Amino acid sequence: METVLALLSLFALALLFGGMGFFALVMAPLVFTRLPMGVAGPFIRQVFPVYYLWVGALSAAAAVALFPLSHPASGIMAACAGMAWWLRQGLMPRINALSDAGETAAFNRLHRLSVIANACQLLA
């Protein structure tokens, strides 16, 4: 049973890390360098909720699979899942509202916070 759980957690973590890396290193830069800003902004707003669902679901799956194997690793993944939920449901709507209102300084501050949070998830 431990081998199955280890393989499941490894698979979930590989999909998680690969998806996060692809989004950060390929998808986002391409969207903002190849599409006009009038298209890039609305497009990325549609992508982020799906991205955070991906991160949250795979982090949660890894947390469940890791729980019998390593409580600390499971806790780290559970924290990543919780952070994905907070980013999707709490921070992202605030960032979008600030962008819509033209509140550049507040937008930049919260956007930086979301980037730091996402980097922490990636490192975890």
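Predicted model: local features only at pLDDT ≥ 70, side-chain atom pairs only at ≥ 80, totals over all residues.
**Aromatic pairs**

The structure holds five aromatic pairs. Two of these are set out below.

| Pair | Distance between ring centres | Angle between planes | Class |
|---|---|---|---|
| F23 and Y51 | 4.5 Å | 25° | stacked |
| F48 and Y52 | 5.6 Å | 25° | stacked |

Planes under 30 degrees apart count as stacked. The planes of F23 and Y51 stand at 25°, so this pair is stacked. F23 and Y51 are both buried.

The rings of F48 and Y52 are also at 25°, and that pair is therefore stacked. Here both residues lie in helix α2, four residues apart, or about one turn of the helix. Their accessibility is as follows. F48 has 24% relative accessibility and so counts as partly exposed. Y52, at 6% relative accessibility, counts as buried.

F23, F48, Y51 and Y52 together form one aromatic cluster.

**Packing of α1 and α2**

Two packed helices are described by the angle between their axes and the distance between the axes. For α1 and α2 the angle is about 165°, and the axes are 9 Å apart. Angles over 145 degrees count as roughly antiparallel, and α1 and α2 are therefore roughly antiparallel to each other. The crossing of α1 past α2 is left-handed. Sorted by class, the residues in the contact of α1 with α2 comprise 25 nonpolar, three polar and no charged ones.

Conventions
Residues numbered from 1 in each chain as written. Heavy atoms only, no water. Phe/Tyr/Trp six-rings, centres within 6.5 Å; stacked < 30°, edge-to-face > 60°. Buried < 20%, exposed > 50% of the residue type's maximum accessible area, 1.4 Å probe, protein only. Helix = DSSP H or I, 4+ residues; strand = E, 2+ residues; numbered from the N terminus. Axes fitted to C-alpha atoms, helices over the stretch in contact; angles between N-to-C directions. Parallel < 35°, antiparallel > 145°, perpendicular 65-115°, else oblique. Left-handed = near helix turned anticlockwise from the far one by under 90°. Nonpolar A, V, L, I, M, F, W, Y, C, P; charged D, E, K, R; others polar.
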